Amino acid sequence: MTDSLVRAPETDRTHATPEQYAERYARSLSDNDAFWLEEARRLDWVTAPSKAGNWSYDPVDIRWYDDGVLNLCHNALDRHLDARGEKVALHFEPDDPESEARTLTYRELHREVVRIANALKAIGVKKGDRVTIYMPMIPEGTAAMLACARIGAIHSVVFGGFSPEALAGRIADCESRFVITADGGLRGGKPVPLKDNVDAALERPGAGVEAVLVVRHTGCEVNWTEGRDFWLADKANDADCPCEEMKAEDPLFILYTSGSTGKPKGVLHTTGGYGVWAALTFHYVFDVRPEDIFWCTADIGWITGHSYVAYGPLLNGASQVIFEGVPNYPDAGRFWDVVDKYGVSIFYTAPTAIRALMREGDGPVTSRDRSSLRLLGTVGEPINPEAWRWYHEVVGSGRCPIVDTWWQTETGGIMITTLPGAHDMKPGAAGKALFGVEPVLVDGEGKLLEGAAEGNLCMARSWPGQARTVYGDHQRFVDTYFSTFPGRYFSGDGCRRDEDGYHWITGRVDDVINVSGHRMGTAEVESALVLHPTVAEAAVVGYPHDIKGQGIYCFVTLVAGEEPDDALERELKAQVRSEIGPIATPDLIHFTPALPKTRSGKIMRRILRKIAENDYDSLGDTSTLADPGVVDALIAGRRNR
Ligand code: WTA
């Protein structure tokens, strides 16, 4: 492994030397409560907590800083006003580079948040209410999240790329009576009809939404329902709007994420622990200094946009860029234009974007200056060493350390990474545990694996940023994360730990696939497919995809008498797009007369995965199949594609 080691650069590191890391890490485990009480001082508390962790994995009951009282909007904005009110909070870069960019100082962002908070109150939002945010990547999106936090409402951000159907499901699940959206968005020059999508979602029976606040953004035409729809500008005002005092365990937000079964789960995070975790991880992992300009390219519709756009940077009083657009518009140099324009020093993105840009060659990168960059990061999926090296050598000109950060919606923030300056890097390995995090590997039977080993990645103890429950369904939370390996949190990922204690994530071990860094439940795609009247059965698996990491491979059987053709294939793809959204569009549809099943009727996904991967030599035991001949037919079908 040593030949693939990339030495930690001798930076003027401020946060951790290897020795400091080791010492602090050891103490974070051995003196856990004291460590976390100390770390809690990163935030302002109305009432400081007297105890940190108070949790159990059996039964599952997770609490941190239980008797503490605080408000995260105060921590993200108000408390900075005296010392750095005129410091830049957000540089907003619009989709179209010719459009007007906007810069908001902490004072200006604070004012915007107060205005939105007052608008929320004006439409009837109260503490504890769920507010759905369906927005483009504009400052008002982040401001809306903070406005909810300010008044104690629970935000549920739904990615603007999700379809009306998917939006409707998420509104209904948490019984959200309020929606904040924009007239429209722009991505890569293409309009996104956000308000139209909200209208369509609210036509579904039982929607129950009382009021929709609409931000004027693109100026596009929208339909209007009097008495339900309100322009934000008409409801916003500058009246005093004090921060609501929240208990540490009061819910902060719900974020829907895909699992291996059923509908997306509303993962619930609470105020105190999440706040400490977002603040701490941002501080250590990005090694942030006062003059830094941070840029995380994630949308606020994902957890990365929650922890490293909305909360982490602002809790730390950092300056950041918010970008509405996409990496390849107007051309493949856009990211680096934005880096140069704002002097971005810390850049955090997904491997899929790196791979897509790598394909365009070095030109669009090397033609830009990029000398402001000093630290690079990735998140969302394993990064292949080739893409890692390109990122390091071309984008970072070999100067910038890379943090490959492993974490999940459920973990609230970064869990495993190298720390810049402290750790040498290995291309493709996430690295070591952050403070207070105790990863363990177990085999299929739950037996603990020591030393260098490969197994299922679990956490042996809780950390403040851990999700507390699945909204409205605690049993599902218990079943999903704590029942496979009792007494531990199970991530759903496979992992290899090498002799240096570095973690190499091998991908999901459940029926979740990772498409361009987006988690997708294969069951969700299957449900969308079988809604089509010609489809009898569908089985969806992932397969290796050069750019997306994994592509979506759908095996489909049709009802008797139906014949597959190109038109049907197009219809099925359209069906999935309208049920979930463009990110779930199938890459391959493989019509087959039958699926491989056991005699008890269970689909053998292991075999389907191998066929999708074009790996026919290791199909394993097919003797338990009800009809082993199905496999030959499937292979023939795959080869013909
Ligand atoms: C995967 C995104 C390898 C993993 C923050 C995890 C990664 C899932 C990495 C969570 C990484 C995330 N290396 N795999 N650095 N980061 N993953 O909830 O499979 O959208 O379980 O959170 O992404 O996806 P989620």
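This briefing describes an annotated site and the residues around it in a predicted model. An unreviewed UniProt entry places the feature "binding site" at Val530, His532 and Val535.

**Val530**
- Val530 is part of helix H17, which covers residues 522–530.
- Its relative accessibility is 38%, so Val530 counts as partly exposed, the class between under 20% (buried) and over 50% (exposed).
- Not counting residues up to four places away in sequence, Val530 touches Val535, Ala536, Glu537 and Ala538. Among these, Val535 is also named in the UniProt "binding site" feature.

**His532**
- His532 sits in the loop that runs between H17 and strand S31 (535–545).
- With a relative accessibility of 7%, His532 counts as buried, because the cut-off for buried is under 20%.
- When neighbours within four places in sequence are left aside, His532 is in contact with Leu568, Glu571, Leu572 and Gln575.

**Thr534**
- The loop between H17 and S31 also holds Thr534.
- Thr534 has a relative accessible area of 10% and is therefore buried.
- The side chains of Thr534 and His532 are joined by a polar contact of 2.9 Å.
- Thr534 is in contact with Thr557, Leu558, Val559, Glu562 and Leu568, leaving aside its neighbours within four places in sequence.

Key:
Residues numbered from 1 in each chain as written. Predicted model: local features only at pLDDT ≥ 70, side-chain atom pairs only at ≥ 80, totals over all residues. Heavy atoms only, no water. UniProt positions renumbered as here; feature names shortened; annotations may be inferred. Helix = DSSP H or I, 4+ residues; strand = E, 2+ residues; numbered from the N terminus. Buried < 20%, exposed > 50% of the residue type's maximum accessible area, 1.4 Å probe, protein only. Contact = heavy atoms within 4.5 Å. Polar contact = N/O pair within 3.5 Å; in protein donor to acceptor, adjacent residues only side chain to side chain.
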